[in-house]
Number of protein chains: 2
Amino acid sequence: MRWQDVDAANCSVQATLDVVGHKWSLLIMRELFNGVRRFDDMRAHLGISEAVLSRRLRELTAEGVVETRPYRDAGSRTRNEYVPTQAGWDLFPIVVGLLEWGDRHRAGAAGRSWIVTHRDCGHEVSVAVTCPAHPGESLDQHQTATRPGPGARLRPR
Amino acid sequence: MRWQDVDAANCSVQATLDVVGHKWSLLIMRELFNGVRRFDDMRAHLGISEAVLSRRLRELTAEGVVETRPYRDAGSRTRNEYVPTQAGWDLFPIVVGLLEWGDRHRAGAAGRSWIVTHRDCGHEVSVAVTCPAHPGESLDQHQTATRPGPGARLRPR
């Protein structure tokens, strides 16, 4: 079965984009990964409307990638802040991958605005396609192959 | 300088999403990565309109992640097929990352529809945040730190 003959409705790339493919969703995850957790802080930093941020946070929460935690500043009512769930943190390599691509291909002469490092040694991290049997190798497309999985269905004609 | 104080307009995650953040763009890259290169084949497999596919391919070509190559079937006029440029192939880890996330969190009982393996050994690949000084380690968020890069600008207030 070739990829072209597989029903793409069933594809996990599509399934992930259904969760985080809306405009702003991955930028909201970027904010959360950088410790920006409060609604007003995210709104100000992203420069989006309250309505859009609110809708996106509701969707991300419903999808199980974000959860709310109550907090209370002195003299204010209790509010929620937002943190990634484990499923949300599992998006971290995707966001670092987007960062790395933009650094490489779009940062230009001004240079990159934000750098992610290995905490222990300070080296910059990167995102790689890896094989469990070949630790330390970063694979490019020519070193990979594809095959249908158990959920592959033939595409309706 | 905290992330919150950095001007996010300058962020490489945003810059990458400006290229591939539109609906369908990363799914078109998925098709190209899987060897689906012809307009009609992509249109049929993605199930989108000619107008939308055409517009997205024009954008991806203008952004330098896709290029055209002429081909000619016997008895037909010359047409273009579409292939990733090197900058396009550099998006491969992001698309594999989306696949892996969906496999883990959304594939469900039916199982995954498509599997990417290491060509040499047949093991399934995965996407990892890696450090050049610690080959073979896959880092999670707790093992990373962030700092402003040379292009960091203070956010206007």
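I take a nonpolar core to be a set of buried Ala, Val, Leu, Ile, Met, Phe, Trp, Tyr and Cys residues joined through C-beta atoms within 7 Å, where buried means that 20 or more other C-beta atoms lie within 10 Å of the residue's own, exposed that 12 or fewer do, and partly exposed that the count falls in between, with C-beta atoms placed from the backbone.

**Model and conventions.** I am reading a predicted model, in which local features need pLDDT of at least 70 and side-chain atom pairs count only at pLDDT 80 or more, while totals for chains, interfaces and linings use all residues. Residues are numbered from 1 along each chain as its sequence is written, and chains are lettered from A and ligands numbered from 1 in the order in which they are written. I noted a mean pLDDT of 95 for chain A, with 100% of its residues at 70 or more, pLDDT being the predictor's confidence in each residue, from 0 to 100. The model scores are ipTM 0.96 and pTM 0.96.

**Core.** I looked up the largest nonpolar core and found 82 residues in it, those with the most contacts inside it being A:Val95, A:Leu98, B:Val95 and B:Leu98. Leaving out residues up to four places away in sequence, A:Val95 touches A:Leu26, A:Met29, A:Arg30, A:Phe33 and B:Val13; two residues are in contact if their C-beta atoms, placed from the backbone, lie within 7 Å.

**Interface.** I find 80 residues from chain B and 80 residues from chain A in the contact. On the chain B side, α6(B) gives the most, with 13 residues; helices (H or I, at least four residues) and strands (E, at least two) are DSSP runs, numbered from the N terminus. Because 100% of the interface residues of chain B are also interface residues in chain A, the copies meet through the same surface.

**Strand pairing.** I see β4 (residues 126-130) of chain A pair with β4(B) in the antiparallel sense over five bridges, pairing requiring that DSSP finds at least two bridges between the strands. A:Val129 has B:Val127 as its bridge partner in β4(B). B:Ser126 counts as partly exposed because it has 19 C-beta neighbours inside 10 Å.

**Helix α1 of chain A.** I checked α1 (residues 12-20) and found eight of its nine residues buried, so it is largely enclosed by the rest of the structure. These buried residues pack against α2 (25-33) of chain A together with α2 and α6 of chain B.

I turned to the loop between α1 and α2 of chain A, where A:Trp24 lies. A:Trp24 has a positive phi of about 85° although it is not a glycine; most residues other than glycine have a negative phi. With 21 C-beta neighbours inside 10 Å, A:Trp24 counts as buried. I recorded a positive phi of about 85° for B:Trp24 as well.
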